[in-house]
Amino acid sequence: MSWFRAASAAARIALRRNLAQSPHRITRILAPPLSGARSFHSSAFKAATPVPRPVPLSRLTDSFLNGTSSVYLEELQRAWEADPDSVDESWDNFFRNFVGQATTSPGISGQTIQESMRLLLLVRAYQVNGHMKAKLDPLGLEQRQIPEDLDLALYGFTEADLDREFFLGVWQMAGFLSENRPIQTLREILNRLEQAYCGTIGYEYMHIPDRDKCNFLRERIETIKPRGYSQERREVILDRLIWSSQFENFLAKKWPAQKRFGLEGAETLIPGMKEMFDRSSDIGVESIVIGMPHRGRLNVLGNVVRKPLRQIFSEFDKKKHKDEDGLYTGTGDVKYHLGTSYDRPTRGGKRIHLSLVANPSHLEAVDPLVVGKTRAKQYYSDDANRTKNMGILIHGDGSFAGQGVVYETLHLSGLPNYTTGGTIHIVVNNQVAFTTNPEAGRSSQYCTDVAKALNAPIFHVNGDDVEAVAHVCELAAEWRQTFHSDVVVDIVCYRRHGHNEGDEPSFTQPKMYQVIRNHPSALEIYEKNLVESGIFSKDDIDKINNKVNTILEEEFSHSKDYIPIKRDWLSAYWAGFKSPEQISRIRNTGVKPEILKRVGEAITTIPENFKPHKGIKRVFEQRAQMIQSGEGIDWAVGEALAFATLIVEGNHVRLSGQDVERGTFSHRHAVIHDQETGEIYCPLDHLTMNQNEEMFTVSNSSLSEFAVLGFELGYSMENPNSLVLWEAQFGDFANGAQVIFDQFLSSGESKWLRQTGLVVLLPHGYDGQGPEHSSARLERFLQMSDDNPYLIPEMEPTLRKQIQECNWQVVNVTTPANYFHVLRRQIHREFRKPLIVMSPKNLLRHKDCKSNLSEFDDVAGHIGFDKQGTRFKRLIKDRNTHKDLEEDISRLVLCSGKVYYELDDERTKRDLKNVAICRVEQLCPFPYDLVQRELKRYPNAEIVWCQEEPMNMGAYHYIAPRLSTAMRLLGRGTIEDIKYVGRAPSASTATGFFSVHEKELRDLADKALQPDPIQFPF
Ligand SMILES: Cc1ncc(C[n+]2csc(CCOP(=O)(O)OP(=O)(O)O)c2C)c(N)n1
Ligand SMILES: [Mg+2]
């Protein structure tokens, strides 16, 4: 409605001016209209328009549709016609644009300002609501109410007006309303509107509050030349539609009993995508990342991405894939989840790189990954204006409307550190989701309405009209390259068979399927059209069909002896990285002292003229002091040193999540703010000369866990030389992204042979803040860990592959130096694994949670330097320098995380000499070798597992079988000899009462350190 508002605002302003400035004009306004001077059409189809009557000035309103204003306008127009200077300048402009042409053109008589305005409203109604009348449903089953504002009668026109001529033209408007539009009859105008807005494409774009963008679309939608493809283009479109259709027919014929989630009913998706990719390539796109669900995936893989057909066919052979000797296959996945990438030639003679991202069944979960991966590609290809790399997401109608991650992902699209310059969304809208009808599946009119919140244009298209599909697909590509923002193509189609090939759809949609059974395919419809319009002969078409069939058959016969090539699990940047079957060198992570000092200075220095908050200034002074003295390095500085050293080594570091720039606990201050100018300064951006601004990225995120974690995961998969981290506000909230943990992070490598070194920081720890700010649900991450609890793998350092074979690492680190090393270890190795960190809250400022700079360096003799050099410590032995054999120690307490400091404190207070406390810093994979080393050191000790979490949570159930396996081999007892000390089992993660929390903590320490043996479990 922006035009309406603008016009009525113009009227309001002019009216106010008139009233305030020129009394003689007021008189004119009040003068009664000259009867019959203007032909004012008051008759209507439905109701008569009120006859204008003069009213007192005090009751004048500015709505030009009511009689009062019309009188006013007529008067004003008459005055303007007599003397353009007699009216306010704004009215002068107004009249010149609306009726200037009409009054001066021969042949048009009697077009009033009222009529001009009503015509404009009519045009506008088509622009806004024309899609409601568009013929979108190939089955013709949709029953939509045609909006009243598309009815001529509403505007006071009658059939008698249809052959009258009108002029229509507005300055600074494109399309129908553009200046210098030829004079047309109302009938012609209407026809054009119907053709543009109510054909097989329904355009929704008038919600976009930007005139240039609307004009861009208007120009293309309201073009005088109706859409038309050349003979040559039509042949390509036909060929592509034949491929799409024959592919499904072929699979159905050869493997009738196998699930493939065929595309039948939506075959035009394939020519649509191909036209979109060709057009995108013509206008600068070089690489496309695709995410899509099950429906039509094999067709897209074969026909769009160009995965060799023989390979696709060979994967249907169930026997074949069992034993691929010598090939790392992981645990695999069903074929309609697999990803792949290929270079594909385009119509314009270029090549475009396509990668289809592997995904789980969880609909839409892959969306943020695609966007994150696209963003990473843009970073690595210096694609500053984001035109070379593009993301495409294909959706189902049910899932696009129903899954919240769609909205969460859409909301990343305009954020500076997440934008990819626009994703193109294609909805395969088959008007059903499994067995659920749209009326039961969504409250919105269209399944795409969610995208309106982002001001994305939405092109609904009848999936039976392949040329219309091709057209909107091209238009979407143009939009994306022009405005660098999201756009949606909604292909309204149908699903010819059941949800999968074995499903009976008539159980639940009998009427729809009656229609579908008799409905010709999109290919049949197109072929008929082409033959009937004489564009192609039946023979021409048969030739293409035969060609396609022959190739399919040839590929099928080749598929029988197709030998899978070495899995393509390492893409370009990953050359040289090791699969879990190849042993990888373990590298030290210590850094030269001079580098530590140099980067230490850089990260603690604030530019002279920058005026930080005085609290921040103090923090930075303390940090500088830590670096200078080499003592008392805290968590935040430990982390910053890890980032800084990785960056100076040439790696990209990216940390995102809610409030990560400052840090939820106000500890990080990675970005500081000038208190006078509001300018920001990020010390980690200034480590090297001319450092690329994005090389270190720290970014507050949208308030989403699912999409942001998914985005970072996608980002991390592009290039191994990047440390990508996502931090939850509190670990508790990570379960909002549970699908990413379950379906991707814990199992992605095993299913799809794609590695990631993503780091997930989950603030965790019982400090009395209640049930929702205490637990990151450590137990869940450990439960998903795949190291065998009853089998100790090879632990000899040079042969050890334990960490490569395990799906991820879960750590609960207790010193800044160890945090530094575990982050650096993510990069300093020849494979990538996700790292789950139970990160601290109160240790961030704990007096004892400090490290010396010497623990970060690689100098022999320094603390932390052991036989292998300086590395991450999977287990930290008791801080007292115990010998290799300590027979007097009567209790060995094993624990993890911050409870260590509480126990140690209590031990000191009680001056206990007979208790040793060891920290298991890496819970998974379990450090059997180091645990056994400690068990041997304390041969007479009672073995305790102490945790702050309730018994049914925390690490207990993970630790117990592994620790007992370690004990059993040393003759130290069974699982019952592990004494549990911790909170009792509980439904809630933590108490909401601080006093109860404190008591629980006291009890826990009392029990762990009690002089008598601990009775457990009975
Ligand atoms: C998150 C999630 N919930 C439920 C399912 C089970 N499921 C598989 S397909 C499907 C229907 C999807 O409908 P739609 O998005 O319209 O796609 P279509 O199958 O019609 O192409 C459902 C509910 C799923 N795969 N993922
Ligand atoms: Mg559907």
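Predicted model: local features only at pLDDT ≥ 70, side-chain atom pairs only at ≥ 80, totals over all residues.

**Conventions**
- Residues are numbered from 1 along each chain as its sequence is written, while chains are lettered from A and ligands numbered from 1 in the order in which they are written.
- Local features need pLDDT of at least 70, side-chain atom pairs count only at pLDDT 80 or more, totals for chains, interfaces and linings use all residues, and side-chain values use heavy atoms, with hydrogens and water left out.

- Asp397 in helix 14 and Asn430 in the loop between strand 8 (423–429) and helix 16 (438–441) are 33 residues apart, a pair that links distant parts of the chain.
- Helices (H or I, at least four residues) and strands (E, at least two) are DSSP runs, numbered from the N terminus.

**Ligand 1**
- Ligand 1 is surrounded by 15 residues, of which Arg295, Ser361, Asp397, Gly398 and Ser399 are the closest; a residue counts if one of its heavy atoms lies within 4 Å.
- Helix 14 (residues 397–402) gives three residues to this shell, the most of any element.
- The shell divides into four nonpolar, nine polar and two charged residues (Ala, Val, Leu, Ile, Met, Phe, Trp, Tyr, Cys and Pro count as nonpolar, Asp, Glu, Lys and Arg as charged, and the others, Gly among them, as polar).
- An oxygen atom of ligand 1 lies 2.8 Å from a polar side-chain atom of Arg295, and an oxygen atom of ligand 1 is 2.9 Å from a polar backbone atom of Ser399.
- A nitrogen atom of ligand 1 lies 2.9 Å from a backbone N or O atom of Ser361.

**Cavities**
- A cavity is a set of points, on a 1 Å grid over the protein atoms alone, where a 1.4 Å probe fits but cannot get out; lining residues have an atom within 4 Å of a point.
- Among the 15 residues lining the largest cavity, Arg623, Ala640, Arg668, Ala670 and Leu684 are the closest to its centre.
- Helix 23 gives the most to this lining, with four residues.
- The lining of the largest cavity holds eleven nonpolar, one polar and three charged residues.

How values were computed:
1 Å grid on protein atoms, 1.4 Å probe; cavity = no way out; pocket = protein on both sides within 12 Å on 5 of 7 lines; lining within 4 Å. Polar contact = N/O pair within 3.5 Å; in protein donor to acceptor, adjacent residues only side chain to side chain.
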